[in-house]
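I opened my notebook for a friendly look at one model, jotting down entries as I went. Here is the structure I had on screen.

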Amino acid sequence: MTAKKFIYAVTGNNPPPLSGADGINAAALETVCYKDLAAIISSIDADRFDLHAASEYLQADLLKYQQVNALLLERSGNGGILPLKFGFTAGNGKEVEAVLKRAYLQLRAHLDRFKGKVELIVQANWNLSEIIQQIAQDHPEFISADSIETGKRLFEATEMKKRGFIDAVHGRLSPLASDFSDGPRKAEDMILNRSYLLEQSLEMQFDAAMNDLGERYDAILSFRYIGPLPAYSFVNIELNQGNFTLLDKAIKTLKLPETANWGEIKSAYRQLLLAHHPDANPDDPGAAERCREVVTAFELVSAYCQSCHDFTAKGNEGEYTFSKDKVEKTFILDTKSALLAHGSHPDYQHI
């Protein structure tokens, strides 16, 4: 047996109550806290993930992982949770704490971004053979003695119709979402598998939009609508990059000096956002990506500033230093403070 800690998700350091809940293989759920983050974990025999055991345990363990995160989301209110990739483990409580420390800025920025938000998955399928037959009936000029040419014309027409459906569905849903992410289309007849990130308060409007789409395309498309879920499709944590490496890149993206106050940081962010916004650069295909980089950089810098113990006292006038020495000192764990804050051993505690 190889005992490890399975990490389900990260929340703020006041995680929702999970009384009556348990983890994989009925193990007790625990928390590990670092600064204002808490990892929800349980003990697990890592041999369950061995190739020989995977087929026996995989489905049950994946279901339990999803159930724990669903319960966290349900009980967190607008606090938000950050689900970690299924199978993420650490050796013990101290190693979990080390993960929180090393990835603090990413975890904090993601949590702030997902606060009050949920993921909804929209899948759309069509009957490809019927679509092709309909195109052939509507466009007899596509049919020729050359079977290769006929196939090419029908394929191009089918792809155009597919793009038209996708654009119409996305055009109806995207105004309600703050982000979206495409998943793999696992079947030939699936034309869309897209996750949307949106405010929980907009769920009813999203439901209504899905009903409208279902009625509009009733004879053409079949929809599958999944959620609300934690933001599984929008988590991208790079554990190979520490806090300073990411923060240094963010500072350079925002073109900030080594020391700046909060007002200067927000001003630099707004100016760059306006300069790179796709609406201001309609002929530049790279504008949207640069805009996303600016937003991500600001989220990381914001998470760092708020992690400083005197953030509230500093306000807009106080200065923040982004030197490597200062950043590393910011993330040194004060064990005594952790004991006082959480009322227990800082390694982990039972919920």
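I started with Arg108, which I found in helix H3 (helices are DSSP runs of H or I with at least four residues, numbered from the N terminus). This is a predicted model, so I kept to its rules: local features need pLDDT of at least 70, side-chain atom pairs count only at pLDDT 80 or more, and totals for chains, interfaces and linings use all residues. Residues are numbered from 1 along each chain as its sequence is written, and side-chain values use heavy atoms, with hydrogens and water left out.

I looked up the accessibility of Arg108: at 14% relative accessibility, Arg108 counts as buried (under 20% relative accessible area; exposed is over 50%, partly exposed in between, with a 1.4 Å probe and protein chains only). Setting aside neighbours within four places in sequence, I listed Asp36, Leu37 and Ala303 as its contacts (heavy atoms within 4.5 Å).

Next I checked how H3 (residues 104–114) packs with H9 (residues 287–307): the angle is about 105° and the axes are 8 Å apart. Axes here are lines fitted to C-alpha atoms over the stretch in contact, with angles from 0 to 180 degrees between N-to-C directions. H3 and H9 are therefore roughly perpendicular (65 to 115 degrees). On the H3 side I noted Tyr104, Leu105, Gln106, Arg108, Ala109 and Arg113, and on the H9 side Glu299, Leu300, Ala303, Tyr304 and Ser307.

Last, the cysteines: Cys291 is buried at 10%, and Cys305 is buried at 0%. My search of the whole structure gave 0 disulfides (cysteine sulfur pairs within 2.5 Å).

Terms used: Helix = DSSP H or I, 4+ residues; strand = E, 2+ residues; numbered from the N terminus. Parallel < 35°, antiparallel > 145°, perpendicular 65-115°, else oblique.
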